[in-house]
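Look at the model below. Start with the charged side chains, then move to the nonpolar ones.

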Amino acid sequence: MLNIEEIKNGIVIDHIKAGLGIRIYNWLRLDKVPYTVAFVANASSARSGRKDIIKIDNTISINLDVLGLIDPNLTVNIIENERVTKKIKLTLPKKVENVLICKNPRCISSTEKYLTHVFHLENPDVKTYRCEYCDEIISVGDFK
């Protein structure tokens, strides 16, 4: 049996689609932190069959828009004094800034480095976003 200690104060990222947890782990650079992190891959889930889970034994700032782009169906649980004090259910963000980059070489955001990269959700079914400046459509699958 796998035994992972309870978190006193921190974050649990739960209901991550199996296989996407490592992407979140790497994006958060959790391999470089000095506190305890538990990463569970392919855990059994009544809701989805299999899921990944990340437990972070520290309170950190997380860009929820980026998490929503990686997996809009995950849940972020905030833990304080060994209790869940807040559950955040993510969705695809309607607007993202400085997360996606326009692929159009003629877009002003490609040439003017000071501009904020702004994208609006175009089609939630296929997870595409539209550049605010040039209307280029990009897929969330292109997000690294």
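D14 has a relative accessibility of 13% in this predicted model. Buried means under 20%, so D14 counts as buried. Its partner is K51: the two side chains meet in a salt bridge, with N and O 3.0 Å apart. K51 is buried too, because its relative accessible area is 11%. The pair links distant parts of the chain. D14 sits in strand β1 and K51 in strand β3, 37 residues apart.

A search of the whole structure finds 6 salt bridges. Now turn to R130. The side chains of R130 and E122 meet in one of them, at 3.3 Å from N to O. R130 also forms a salt bridge with D135, where the closest N and O atoms are 3.5 Å apart. Together, E122, R130 and D135 make a linked network. How exposed are they? R130 is partly exposed, at 26% relative accessible area. E122 is partly exposed at 42%, and D135 is partly exposed at 47%.

Next, the nonpolar side chains. In soluble globular proteins, such side chains tend to be buried together. Here the largest nonpolar core holds 31 residues. I13, I24, I54, L69, F119 and Y129 touch the most other members. Several elements give two or more residues to this core, including β1, β3, β7 and β8. The largest share comes from α2, with 4 residues.

Beyond its neighbours within four places in sequence, F119 is in contact with residues including V96, L100, I101, Y129, R130 and I138. A second, separate core has 6 residues, among them I7, V40, A43 and I53.

Terms used. Residues numbered from 1 in each chain as written. Predicted model: local features only at pLDDT ≥ 70, side-chain atom pairs only at ≥ 80, totals over all residues. Heavy atoms only, no water. Core = buried A, V, L, I, M, F, W, Y, C linked by side-chain atoms within 4.5 Å. Buried < 20%, exposed > 50% of the residue type's maximum accessible area, 1.4 Å probe, protein only. Contact = heavy atoms within 4.5 Å. Salt bridge = Lys/Arg side-chain N within 4 Å of Asp/Glu carboxyl O.
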